[in-house]
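Morning, everyone. Let me put the structure up, and then we'll walk through it piece by piece.

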Amino acid sequence: MNIEQIQIFLNERTLSVHQGSRLGELQQQYCPDSDLLIVNGYPCTEDRILADQDHIVMIHRGVAPNPEELEALIMSRHTPGVHAKVKKARVGIAGAGGLGSTIAIALARTGVGYIRIVDFDLVEPSNLNRQQYFIDQIGMPKVEALRDNLQRINPLVELDIHYGRVSADNLKELFGDIDILVEAFDRADQKAMLANGFLRQCPGKYLIAASGMAGFEPSNTIKTQKISEFFYLCGDQSTAAGPGCGLMAPRVGIAAHHQANAVLRLILGEDPAA
Amino acid sequence: MHIIINDIEKNVPENATVRELFSLTDINPEQVVVEQNGTIISPEHYDKVQLRNGDVIELIQFVGGG
């Protein structure tokens, strides 16, 4: 007698099981140590018969899955084909403040394979209004705090951190071997220094810079603009940080995610400013 | 002579340098990227690079914040 098979998803992978199979049997067979079962998005405490197309996630609380399994789980919501491409990308981030820390987290969650981050600053209490750090990290070099945070999000990203300043004299050494550099500085003269230096010293590499994201102006004034073949600029290009116009998480985050999405679009062969 | 700055036609003195353009347009040279006909002008050359009639100039002026 033929027993009909149904298809389910166990920890984001497809699996064929006999019709009439029970959740408890599946747990015993595949994840006997798990102590939390999520069926189609809801925690499940009672045994039940599996249905075709069920999405089952089995979690052993407090224990990280092995790296291979973790990668499949983290990337399971990606558009197909994206992961293989982002995994090969090498991205540099100059600055680990409101822009840089937010961009780094977005790129790590996206699974960018290699991220180099350079910053000279320490985490200060005033950073917490927009930067991706925690109270217990105050006083740490930002690059070290950010590395710790990124490793907690996606340990499969290769991180290379440098605690120090970027200058016209060392930027080729720091970023000459990456595919795409993201400018994430605070001061306008530093932004211009990096753009002038990188675009001339590292021809053929992309630069994604940012200018204008202070205050609480409308979100929709922040845009991604193509300046030249290898140079993109994100922001409203006018609202400067200064007395009476602070930097806050929402608009800095919008500009940072414009930059992160520009990186992703370049990696995938799309025009960031389209 | 006429040049195009950020898509707008401007009248500037003959043989004006990039540095002179900054005072004409009230731009801080420390916060800008200058493209002359698609080529970035190195900041060390602002004093000697001259503008030519018909040049297409892009002035990308950064503002602080990040």
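How far apart are the mean positions of the positive and negative charges of chain A? They are 6 Å apart, for 25 positive and 32 negative charges. Lys and Arg count as positive, Asp and Glu as negative, and His and the chain ends are not counted. The place of a charge is NZ of Lys, CZ of Arg, CG of Asp or CD of Glu.

Some ground rules. This is a predicted model, where local features need pLDDT of at least 70 and side-chain atom pairs count only at pLDDT 80 or more, while totals for chains, interfaces and linings use all residues. Residues are numbered from 1 along each chain as its sequence is written, chains are lettered from A and ligands numbered from 1 in the order in which they are written, and side-chain values use heavy atoms, with hydrogens and water left out.

Chain A overall. It has 8 helices and 12 strands; those are DSSP runs numbered from the N terminus, helices being H or I of at least four residues and strands E of at least two. The C-alpha atoms of chain A fill a box of roughly 75 × 40 × 35 Å along the principal axes. Of its 274 residues, 46% are buried, meaning under 20% relative accessible area with a 1.4 Å probe, protein chains only.

Now helix 8 of chain A, residues 249-267. Its 19 residues should span 27 Å at 1.5 Å a residue, and the end C-alpha atoms are 26 Å apart, so the two agree. The expected span is 1.5 Å times one less than the number of residues. Buried residues of helix 8 include A:Arg251, A:Gln259 and A:Leu266. Among the elements covering the buried residues are helix 4 (98-110) and strand 10 (206-210) of chain A. After helix 8 comes A:Gly269, with a positive phi near 80°.

Next, A:Leu23, in helix 1 (residues 23-30) of chain A. Is A:Leu23 buried or exposed? Buried, because its relative accessibility is 1%. Its contacts (heavy atoms within 4.5 Å) include A:Leu37, A:Cys44 and A:Met58, leaving out residues up to four places away in sequence.

Last, the interface. 19 residues of chain B contact 30 residues of chain A. The area buried between the two chains is about 1700 Å², with 63% from carbon and sulfur atoms. That is accessible area (1.4 Å probe) lost on putting two parts together, summed over both. B:Phe62, B:Val63 and B:Gly66 supply 38% of the area that chain B buries against chain A, more than any other three residues.

Terms used: Buried means under 20% relative accessible area, exposed over 50%, partly exposed in between (1.4 Å probe, protein chains only).
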